[in-house]
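Take a look at the model first, then follow the topics below.

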Amino acid sequence: MYDIVILTGAGVSAESGLGTFRDKDGLWTKYDLSEVATPEGFAADPAKVHGFYNARRANALDAGPNAAHHALARLQAARPGEVLIVTQNVDDLHERAGSTRDIIHMHGALTGALCASCGHRWPAPREMHPTDPCPACTRPHTRPDIVWFGEMPYRMDEIYAALSACGLFVAIGTSGQVYPAAGFVQEARAAGIETLEINLEPSDGASLFHRAVHGPATQTVPDWVGTLL
Ligand code: APR
């Protein structure tokens, strides 16, 4: 089991230039979530949904990991097998910083493609289109391998098992507004586990954490990792 479980959100990628969702100018202020991040939206207009994720995939590929991603990768390297990153983010900046094992993308990943018919998964091309045939069953029902609202996040059993047995739960760069991730701090506290929030400003769940550090992740995360190494 892991000593430390770290939940990351859009705030850890904000200083890499990737938008958050609920900040001023966040993604959900520019797009209607129900049209681009729900199964119903995909069924109604798959071209619009693919266009939305093609743009986010391009942004993520053009962005680079920042000091916060690198600091977390350093922590994992220094304590192999002891630090689990559970990310809500669908970018691959943690991986590109060096966090290639002990990482769970609970909301899926822009680098993944999924067939809505046969369930086949393969590495997503830079751009996806509704007419793309599935490499396995050839049906034109391909989608980004992203967990939409109303769908079950991935690997929840592993996440809850790690949460209930770790020594420290840390939430970094997340507003604490979307469940089940927003409930992880309560799970940890119920198990008597120390909890820490590292965020630009107090999140909606700030009062649930034992400790909090506020400021930009590229400063606060390396500082925190420095206290452990
Ligand atoms: N450093 C640290 N924290 C930051 C920074 C920064 N530079 N910039 C923004 N933040 C914080 C904000 O204060 C906010 O609390 O990051 C958080 C971003 O919150 P959201 O935009 O709600 O993103 P997130 O919590 O990851 O959303 C969770 O909602 O829409 C769904 O699936 C989507 O995974 C996403 C989930």
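Predicted model: local features only at pLDDT ≥ 70, side-chain atom pairs only at ≥ 80, totals over all residues.

**A walk through the model**

Asp 25 is found in the loop between strand S1 (4–8) and helix H1 (27–30).

- Pro 180 sits in the loop that runs between strand S7 (168–172) and helix H8 (184–190).

**Overall fold and dimensions**

- The chain contains 9 helices and 9 strands.
- With a radius of gyration of 18 Å, close to the 17 Å that the globule rule gives for 229 residues, the chain is as compact as a globular protein of that length.
- Along the principal axes, the C-alpha atoms of the chain fill a box of roughly 50 × 35 × 30 Å.

**Two domains**

- Domain 1 is made up of residues 1–18 + 66–107 + 153–229, and domain 2 of residues 31–62 + 111–146.
- The centres of domain 1 and domain 2, taken over C-alpha atoms, are separated by 27 Å.
- To the contact, domain 1 brings 8 residues and domain 2 brings 9 residues.

**Where the domains meet**

- The size of an interface is often given as the accessible area lost when the parts come together.
- Here, domain 1 and domain 2 bury about 630 Å² between them, and 54% of that is on carbon and sulfur atoms.
- On the domain 1 side, the residues that lose the most area to domain 2 are Leu 18, Val 90 and Tyr 154, which together account for 58% of what that side buries.
- How many salt bridges does the rule find across the interface of domain 1 and domain 2? The count is 0.
- Polar contacts between domain 1 and domain 2 come to 3 residue pairs, with both residues at pLDDT 80 or more.
- The side of domain 1 that touches domain 2 is built from 4 nonpolar, 1 polar and 3 charged residues.

**Salt bridges**

- The structure as a whole holds 11 salt bridges.
- One of them pairs the side chains of Lys 48 and Glu 35, at 2.8 Å from N to O.
- This pair links distant parts of the chain, 13 residues apart: Lys 48 lies in helix H4 (residues 46–62) and Glu 35 in helix H2 (residues 33–36).

Note on methods. Residues numbered from 1 in each chain as written. Heavy atoms only, no water. Domains from an automatic or database assignment. Contact = heavy atoms within 4.5 Å. Buried area = accessible area lost by both parts, 1.4 Å probe. Salt bridge = Lys/Arg side-chain N within 4 Å of Asp/Glu carboxyl O. Polar contact = N/O pair within 3.5 Å; in protein donor to acceptor, adjacent residues only side chain to side chain. Nonpolar A, V, L, I, M, F, W, Y, C, P; charged D, E, K, R; others polar. Helix = DSSP H or I, 4+ residues; strand = E, 2+ residues; numbered from the N terminus. Rg over C-alpha atoms; globule rule 2.2 N^0.38 Å.
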